[in-house]
Amino acid sequence: MLKKYYTVEWTGENPWTCYSGQRRFEADEKAKMDMFVFELAHKEGISKIWKTTFEEMDFNY
């Protein structure tokens, strides 16, 4: 069985601190993930965004 999901990670800074975050999206939430990344990219202070696609294979079925 193949499971697919996406992870979005980001870093940023504001006048007080540096920060990072991560959010996971299931395969059927790709449109939601794209909108999240678009909004994140336009947020002040964000310096880097990573999008990773994971495909998990389970051979015990």
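User: Which residue in β2 is the bridge partner of Thr7?

Analyst: Quick caveat: this is a predicted model, where local features need pLDDT of at least 70, side-chain atom pairs count only at pLDDT 80 or more, and totals for chains, interfaces and linings use all residues. Residues are numbered from 1 along each chain as its sequence is written, and side-chain values use heavy atoms, leaving out hydrogens and water. Strands β1 (residues 2–13) and β2 (residues 18–26) pair antiparallel over nine bridges (strands are DSSP E runs of at least two residues; pairing takes at least two bridges). Within β2, Thr7 is partnered by Arg24.

User: And which residue forms a salt bridge with Arg24?

Analyst: A salt bridge puts a side-chain nitrogen of Lys or Arg within 4 Å of a carboxyl oxygen of Asp or Glu. Arg24 is partly exposed at 48% relative accessibility (partly exposed sits between buried, under 20%, and exposed, over 50%, with a 1.4 Å probe on protein chains only). With the closest N and O atoms 3.4 Å apart, the partner of Arg24 is Glu26.

User: How many residues apart in helix α1 are Asp34 and Lys30?

Analyst: Asp34 and Lys30 form a salt bridge, with 3.3 Å between the closest N and O atoms. Asp34 is partly exposed at 32%, and so is Lys30 at 39%. They are about one helical turn apart in α1 because their separation is four residues.

User: Which element gives the largest share of the largest nonpolar core?

Analyst: That core has nine residues, including Tyr6, Trp10 and Phe36 (buried nonpolar residues joined through side-chain atoms within 4.5 Å). The largest share, four residues, comes from α1.
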